[in-house]
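Visitor: I have a model open and would like to learn how to read it. Where do we begin?

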Amino acid sequence: LVEWYKKGDLDFSKISTVNLDEYKGLSPEHDQSYRYFMQSNLFDHVDIVPEHTRVPDGLTKDAKAFCSEYDAYIRSKGYVDMQLLGIGHNGHIGFNEPAEEFPVRVHTVQLAESTIKANSRLFDRIEDVPTQAVTMGIGAIMKARRVLLIAGADKREIVDRAFRGPVTPAVPASVLQLHRDATVILCQG
């Protein structure tokens, strides 16, 4: 995207972004926060208006109020035009972990041990990996006009379960079978 912007093929000056999730307990300056990632890899290199970028606040003191406000903001924008997703080895999208039901709204979630272990490669020690996150709910994800899910070759098995198995909150990504415009890209080896 940055290359296309530099070539003059993209203009970010009139867009708004709404990030999917953020770790609880990490500041925007922490090198593993999603705000830091977006800032250093995209926002700092394009002509996006800083006030038009939204990432959940991982340091909020009142998570319930923040989640409600973030959810209201997403609704006020008419939801998302294009939602970019990855998928966890357990089928999570965003940080919507396998559960008894699909969480509809923005919420705080306790991360599964498998998610913590998978993300530990990005931290010095597994003890440094946050155990909670704020994430957009399945309801907002499903209201996005388009969804693009990109998965590495190591996710082949869970992608198969998510898109060829039953729709179940035990495999959160399976709900995307019901989305009107979802594209899945499974990268090769």
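Guide: This is a predicted model. Begin at G78, which follows α3. Its phi is positive, near 75°.

Visitor: What span should helix α3 have, and what are its end C-alpha atoms apart?

Guide: Count 1.5 Å a residue. Helix α3 has 14 residues, 63-76, so it should span 20 Å. Its end C-alpha atoms are 20 Å apart, which agrees.

Visitor: Which residues of α3 are buried?

Guide: The general idea comes first. An α-helix has 3.6 residues a turn, so residues three or four places apart point the same way. Now the case here. A63, F66, C67, Y70, D71, Y73 and I74 are buried in α3. They cover an arc of only 155° around the axis, which puts them on the same side of α3. K64, E69 and S76, on the other side, are exposed.

Visitor: What covers the buried residues of α3?

Guide: The cover includes strands β1, β3, β5 and β6, and also α5.

Visitor: How do the side chains run along β5?

Guide: They alternate. H107 and V109 point to one face and are buried. T108 stands opposite V134 in β6. β5 and β6 pair in the antiparallel sense, over four bridges.

Visitor: In what order do the strands of the open sheet lie?

Guide: Three strands make up this sheet, in the order β4-β7-β8, with parallel pairing. β4 (82-85) and β8 (182-186) are the edge strands, each pairing on one side only. Neighbouring strands are turned by 15° against each other on average, direction ignored.

Visitor: How many bridges join β4 and β7?

Guide: Four, in the parallel sense. L85 stands opposite L149 in β7.

Key
Residues numbered from 1 in each chain as written. Predicted model: local features only at pLDDT ≥ 70, side-chain atom pairs only at ≥ 80, totals over all residues. Heavy atoms only, no water. Helix = DSSP H or I, 4+ residues; strand = E, 2+ residues; numbered from the N terminus. Expected span 1.5 Å × (residues − 1). Buried < 20%, exposed > 50% of the residue type's maximum accessible area, 1.4 Å probe, protein only. Arc of directions from axis to C-beta. Contact = heavy atoms within 4.5 Å. Pairing = 2+ DSSP bridges. Axes fitted to C-alpha atoms, helices over the stretch in contact; angles between N-to-C directions.
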